[in-house]
Amino acid sequence: MKAPVRVSVTGAAGQIGYSLLFRIAAGEMLGPDQPVVLQLLEIPEAQEPLQGVVMELEDCAFPLLAGVTTSDRAEEAFADADYVLLVGAKPRGPGMERKDLLEANAAIFSAQGQALNQAARPSVKVLAVGNPANTNALIAQHNAPDLDPRHFTAMTRLDHNRALAQLANRVGCHTREIRGLTVWGNHSATQYPDISHCEIQGRPAPELLETEWVRETFIPTVQQRGAAIIKARGASSAASAASAAIDHMRDWALGTPEGAWTSMAVPSDGSYGIDAGLIYSFPVRCSGGDYRLVEGLAIDDFSRERMEATAAELREERDAIRHLLP
Ligand code: NAD
Ligand code: LMR
């Protein structure tokens, strides 16, 4: 058995937390031979429900669960952390503008970035799930100057998985039979799910799918899926979001399947003309605990316009909270 690694989760008593923690403890994120210590962060008001979650974790008697700690102090929850999932965030309240949400969460993610800088292991891998996820990751990264900036990522894997499901339903195949899908940009309604390089059952997707369906149905459905779930469920996606967080971290830690790529929002290095530094979703391959961008994909005019629109939104978000970046 390997030595345990430390996994910190914020917002651990929330909806996503409730779907996420049990799967991490069962080994679905880091593998069936990797013990984990869970370090759970919640606000003071949520400590009691958090204790209920801890009781349930104990009651599962997971063979891989080497310990659980709880705290309302980020430095304590991030101590020596190897992996950190930043899920806790302030939800949008009545009458709250997007800018207010950005500012409220900017305060949380700047404090948590500083705490990561102080307490986490230098090699820590960070995933921001709490919205606005890309900009929250950017804020945490800027507040953690001693950590590897490439290790601050945000979650667009849920969008990627949603796009796979839409394509599989349309064609009548399994999601496993689809390769080469990319979600570009922001985890928001401007994201661009791109099938240009996609193969379905070994055939180029643009040959199988009508352009009108791709542009008028597929892209808006994926972009609006989060809102559709909120409307239907009365609450935002939780189990699928937790599943996507597991997929993101598992692939980063253990690698993407041979020949495949996935979508992760990572700091841009200027590839594909995207402003260096923005946390932007790209096609990535992972191996050896690292990710690298898939380079050299041909980008047509339609894609270029969509990629630029979502980059423009990320620039706007960054500019709205720029005064909070150190
Ligand atoms: P939730 O409201 O059920 O849970 C959030 C938890 O975070 C709460 O328990 C709250 O007490 C806690 N929290 C708030 N501020 C905190 C802080 N400063 N430190 C620690 N914990 C804090 O929400 P949820 O359904 O679990 O969703 C969490 C976030 O994930 C939301 O921002 C949601 O919009 C986002 N989300 C992102 C994606 C994605 O694909 N990136 C998908 C779904 C949801
Ligand atoms: C989702 O994509 O399901 C969520 O990000 C939606 C939301 O606003 O919480």
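**Figure 1. Ligand 1 and the backbone of isoleucine 16.** Start with an oxygen atom of ligand 1: a backbone N or O atom of isoleucine 16 lies 2.9 Å from it. On its own the ligand exposes 860 Å², and the protein buries 82% of that. Keep in mind that this is a predicted model.

Figure 2. Zooming out, we find 21 residues around ligand 1, with Gln15, Ile16, Glu42, Val129 and Asn131 coming nearest. By type, the shell splits into 10 nonpolar, 10 polar and 1 charged. As for where ligand 1 sits, it's in the largest pocket.

**Figure 3. Ligand 2 and its side-chain contacts.** Here, a polar side-chain atom of serine 237 lies 2.7 Å from an oxygen atom of ligand 2. The side chain of asparagine 131 has an N or O atom 2.8 Å from an oxygen atom of ligand 2, and for the side chain of arginine 162 the distance is 2.8 Å. Of the 270 Å² of accessible area that ligand 2 has on its own, the protein covers 72%.

**Figure 4. Who surrounds ligand 2.** Asn131, Arg162, His187, Gly226, Ile230, Ser236 and Ser237 make up the surroundings. That shell divides into 1 nonpolar, 5 polar and 1 charged. Ligand 2 sits in the largest pocket. His187 also turns up beside ligand 1: an N or O atom in the histidine 187 side chain is 3.2 Å from an oxygen atom of ligand 1.

Methods: Residues are numbered from 1 along each chain as its sequence is written. Chains are lettered from A and ligands numbered from 1 in the order in which they are written. This is a predicted model: local features need pLDDT of at least 70, side-chain atom pairs count only at pLDDT 80 or more; totals for chains, interfaces and linings use all residues. Side-chain values use heavy atoms; hydrogens and water are left out. A residue is near a molecule or strand if one of its heavy atoms lies within 4 Å of it. A polar contact is a pair of N or O atoms within 3.5 Å; within protein, one must be able to donate a hydrogen and the other to accept it, and residues adjacent in sequence count only if both atoms are side-chain atoms. Accessible areas come from the Shrake-Rupley method with a 1.4 Å probe; for residues, only the protein chains shown count as cover. On a 1 Å grid over the protein atoms alone, a cavity is a set of points where a 1.4 Å probe fits but cannot get out, and a pocket is an open set with protein on both sides within 12 Å along at least five of seven lines; lining residues have an atom within 4 Å of a point. A molecule sits in a cavity or pocket if more than half of its atoms lie within 2 Å of its grid points. Ala, Val, Leu, Ile, Met, Phe, Trp, Tyr, Cys and Pro count as nonpolar, Asp, Glu, Lys and Arg as charged, and the others, Gly among them, as polar.
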